[in-house]
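The sequence and the structure are shown first.

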Amino acid sequence: MTRTAPGTLSVQRVSVAVDRRTLVDAVSLDVAPREVVGLVGPNGAGKSTLLRTLYRAVRPTSGRILLDGDDVWRMPGRRLARRLACVLQEASGEFELSVHDVVAMGRTPHKRAFDGDGRADREIIASSLGELDVAHLARAPFERLSGGEKQRVLIARALAQRAGTMVLDEPTNHLDLRHRLDALRLVRRLGVTAVIALHDLDLAAMFCDRVCVLHGGRVVALGTPAEVLTPELLAEVYRVAAEVDVNPHTGTPRLTLLPGSGPREEAPFT
């Protein structure tokens with residue numbers, strides 16, 4: 001079964017306010033087919049909230065999100081799930097299932113109610129388990145896995161969904177060094193359109209075509225990693241001092257934090 005075509009994602013002046021507090025403030029972002037865009041920023045910047053509007057977990061207070069020109073909030077859920085897959089930080093509701101069953105849930109949007117797994121479904125599930133190095137855990141209870149193993153299973157579920165657009169909220173959370181690289185290499189290899197929230201700026205520089213920096217719910221910088229990840233931005237947004245040079249192996253920006261030399265006073269980004 002083929003993957004749906006990579007989509008064009010357009011976030012148009014999206015805002016989210018909860019209890020009179022603005023979490024996302026008029027964010028606009030266009031993502032081209034097969035482009036990988038990293039969402040970065042300090043804790044509380046609005047990354048996860050913005051991602052939740054894309055997969056309809058949080059309704060925007062204002063603005064629109066379009067996938068290939070269609071408003072995601074007006075699309076039937078099954079149709080959206082065939083085109084957009086998500087990997088979340090949390091995994092509530094799957095604790096009584098086996099690893100195989102969690103990954104098999106990725107096939108649900110492609111089947112009618114009460115349909116079992118056909119041959120193509122079983123092949124996709126097996127392939128997804130293998131891609132994320134969790135095939136040996138297929139019969140294990142999901143609830144008994146380590147945090148890193150759970151994360152790999154959730155990525156495998158999104159892979160089984162065969163959507164052309166993916167939204168990933170801290171997909172490298174809990175993963176060891178090898179599996180962090182494997183997960184992001186996989187996203188690149190799939191050729192999907194992807195928006196990925198990341199804390200690791202070196203990984204964002206290595207794997208993302210562009211980086212969108214959020215601070216206080218607003219977009220404060222958007223461009224290639226080389227354009228965006230500068231000592232000046234790190235000082236303003238993250239309140240740290242750092243040197244930025246070029247990784248000789250990847251040609252991407254490489255960050256080195258300078259201990260004890262960060263800015264002392266808080267100031268808004270301007």
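## His100 in helix α3

In this predicted model, His100 is part of helix α3, which spans residues 99–104. His100 counts as buried because its relative accessibility is 18%, and the cut-off for burial is under 20%. Leaving out residues up to four places away in sequence, His100 touches Asp117, Ile125, Leu129, Ala138 and Arg139.

## Nonpolar cores

The largest nonpolar core comprises 53 residues, and Val153, Ile196 and Val213 are those with the most contacts inside it. Helix α5 (residues 147–160) supplies the largest share of this core, seven residues. A second, separate core holds 27 residues, among them Val24, Leu29, Leu39 and Leu67. In soluble globular proteins, nonpolar side chains tend to be buried together.

Val153 itself touches Val99, Val102, Val103, Val134, Phe142 and Leu145, not counting residues up to four places away in sequence.

## The six-stranded sheet

Six strands make up an open sheet with mixed pairing, in the order β6-β7-β8-β3-β9-β10. Its edge strands, β6 (84–87) and β10, each pair on one side only. From one strand to the next, the twist averages 15°.

Strands β9 and β10 run antiparallel and are joined by five bridges. His215 has Arg218, in β10, as its bridge partner. Helix α1 (residues 47–54) packs on the sheet, where it touches β3 (36–40), β6, β7 (165–169), β8 (193–197) and β9. The direction of α1 makes about 150° with that of β7.

## Helix α9

Which residues of helix α9 are buried? In this helix, residues 231–238, they are Leu233, Leu234 and Val237. These residues lie on the same side of α9 because they cover an arc of only 100° around the axis. An α-helix has 3.6 residues a turn, so residues three or four places apart point the same way.

The buried residues of α9 pack against helices α7 (201–207) and α8 (225–228), and against strands β9 (210–215), β10 (218–223), β11 (242–246) and β12 (253–257). The helix lies across β3, β9 and β10 and runs at about 30° to β9. Just after α9, Arg239 adopts a positive phi of about 60°.

## The four-stranded sheet

A further open sheet contains four strands in the order β2-β1-β4-β5, and its pairing is antiparallel. Here the edge strands are β2 (21–31) and β5 (70–71), each of which pairs on one side only. Strand β1 (residues 9–18) is joined to β2 by seven bridges, the two running antiparallel. Within this pairing, the bridge partner of Val11 is Leu29 in β2.

Helix α1, which packs on the six-stranded sheet, also lies across β1, β2 and β4 (62–67). Its direction is at about 120° to β1.

## Leu9 in strand β1

Is Leu9 buried or exposed? Leu9, a residue of strand β1, counts as buried because its relative accessibility is 2%. Apart from its neighbours within four places in sequence, Leu9 is in contact with Leu29, Asp30, Val31, Leu54, Ile65, Leu66, Leu67 and Val195.

Leu9 and Thr193 are separated by 184 residues in sequence, while their C-alpha atoms are 8.0 Å apart in space.

Definitions and conventions
Residues numbered from 1 in each chain as written. Predicted model: local features only at pLDDT ≥ 70, side-chain atom pairs only at ≥ 80, totals over all residues. Heavy atoms only, no water. Buried < 20%, exposed > 50% of the residue type's maximum accessible area, 1.4 Å probe, protein only. Arc of directions from axis to C-beta. Contact = heavy atoms within 4.5 Å. Core = buried A, V, L, I, M, F, W, Y, C linked by side-chain atoms within 4.5 Å. Pairing = 2+ DSSP bridges. Axes fitted to C-alpha atoms, helices over the stretch in contact; angles between N-to-C directions.
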